[in-house]
Amino acid sequence: MKAKIKIFKNTGEIADEFANTLKTLAKAANGKAVHIALSGGSTPKIIFQYLKEKFGKELANPQFHFWWGDDRCVPPTDDESNYKWANELWLKEIEIPLTNIHRVLGENDPESEAIRYAQEIEKHLPFENNLPTFDFMLLGLGEDGHTASIFPNQMELLSSKNTCEVAFHPNTGQKRITLTGPVINNSKFIVFLAIGENKASKVKEILLDQQEDLPASHIQSNTGELIWWLDKNSAQNM
Ligand code: 6PG
C-alpha cells in the first residue's frame, strides 16, 4: 500500500503540523481521552522545544494522555531516557498533569516492566481488533531501518502477541521496552518522522524498494492512516 508522504521545509513546519494534528484529534474525540505515543531519539527533541515555545499551554489539553512507543531501561533522570527529554523540554514546561503522563518505569526490572506497561496500556486504551488502539503514534526511523525499539535482528517483535516486549539494542545490548508491531499497526494515525540526510537511503529502501528486512517496512495502519513526515534531505531519493 502506497504510504502518504508530506515534505516540510523545516522543523517549525513539522511542529505546527504536529500541534494542529493534536488539536484536530482533540476536537474529534468529543471530550474523550486522546492517547498519544511519543517516539524517542534526537529528532523529536527539536519538535518538543518548538511546541513548548510556540504553543505553550494551548496543548496542555486534559484530553491528551502521553505514552511512549519505546523507552530505554534506565532511570527517568538518565540522559538516555526518552521520557526525560519529552518531559524536560515540553510536558513539564506546559504542566501536563502527572496522571496524563504514562512513562515506562525504566528503573524497573525489564521483564516485569514490559508486563506492567502493557497492563497500564490495556487498562486505559480503547480496544479495536482485540488490541489497544492509540489515537496518534509518533515513530522515528533508525539508520538501520528500526522503529520504536524493533531492530532488524528482532523482527519477531513485529508479530508478538504481547502489547510490549523487552528489546535489546543490537550494538550496545541496552535493554528497552517497546510496543510490538500489531499494537503499533492498530493505531488510528501513525506518523513516521524522518528528517535529515542520514535517513534518505533508508526512506528510499522502505518507501520505494519496500525492503522486507527492515522493521519500518512492516508498519502500516490497519485501522487508519500512515503518513511519513520528511524534509527535503530525507526525501532526496524519492
Ligand atoms: C529510540 C527510538 C528510536 C528512534 C530512532 C530515530 O528510543 O531511540 O524511539 O526508534 O526514534 O532511532 O532516532 P533519531 O531521531 O535520533 O534519529
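Mentor: Axes here are lines fitted to C-alpha atoms, for helices over the stretch in contact, and angles run from 0 to 180 degrees between N-to-C directions. Please keep in mind that this is a predicted model.

Trainee: With that definition, are H2 and helix H3 (residues 82-91) roughly parallel or roughly perpendicular?

Mentor: The axes of H2 and H3 come within 8 Å of each other, and they cross at roughly 25°. Angles under 35 degrees count as roughly parallel. The crossing angle therefore makes H2 and H3 roughly parallel.

Trainee: How is helix H1 (residues 11-28) oriented against H2, roughly parallel or roughly perpendicular?

Mentor: The axes of H1 and H2 come within 9 Å and cross at roughly 70°, and H1 passes H2 in a right-handed crossing. Angles of 65 to 115 degrees count as roughly perpendicular. The angle between H1 and H2 therefore makes the two helices roughly perpendicular.

Trainee: Which residues of H2 meet H1?

Mentor: The contact of H1 with H2 comprises 9 nonpolar, 2 polar and 3 charged residues. H1 brings Thr11, Gly12, Ile14, Ala15, Asp16, Phe18, Ala19 and Lys23, while the residues on the H2 side are Ile46, Ile47, Tyr50, Leu51, Lys54 and Phe55.

Trainee: What classes of residue line the largest cavity?

Mentor: The structure holds 1 cavity of 30 Å³ or more, and about 30 Å³ of space lies in the largest cavity. H1 and H2 each supply at least two residues of its lining, which consists of Ile14, Phe18, Pro44, Ile47, Leu138, Leu193 and Trp229. Divided by class, the lining of the largest cavity has no charged residues, no polar residues and 7 nonpolar ones.

Trainee: Turning to the largest pocket, which of its lining residues lie nearest its centre?

Mentor: About 390 Å³ of space lies in the largest pocket, and its lining divides into 7 nonpolar, 12 polar and 6 charged residues. Helix H2 (43-55), strand E4 (70-72) and strand E7 (136-140) each supply at least two residues of that lining. Of the 25 residues that line the largest pocket, those nearest its centre are Gly40, Gly41, Leu141, Gly142 and His146.

Conventions
Residues are numbered from 1 along each chain as its sequence is written. This is a predicted model: local features need pLDDT of at least 70, side-chain atom pairs count only at pLDDT 80 or more; totals for chains, interfaces and linings use all residues. Side-chain values use heavy atoms; hydrogens and water are left out. On a 1 Å grid over the protein atoms alone, a cavity is a set of points where a 1.4 Å probe fits but cannot get out, and a pocket is an open set with protein on both sides within 12 Å along at least five of seven lines; lining residues have an atom within 4 Å of a point. Grid points are joined across faces, edges and corners, and a volume is the space filled by probe spheres set on the points. Helices (H or I, at least four residues) and strands (E, at least two) are DSSP runs, numbered from the N terminus. Ala, Val, Leu, Ile, Met, Phe, Trp, Tyr, Cys and Pro count as nonpolar, Asp, Glu, Lys and Arg as charged, and the others, Gly among them, as polar. Angles under 35 degrees count as roughly parallel, over 145 as roughly antiparallel, 65 to 115 as roughly perpendicular and the rest as oblique. A crossing is left-handed if the near helix is turned anticlockwise from the far one by less than a right angle, and right-handed if clockwise. Contact means heavy atoms within 4.5 Å.
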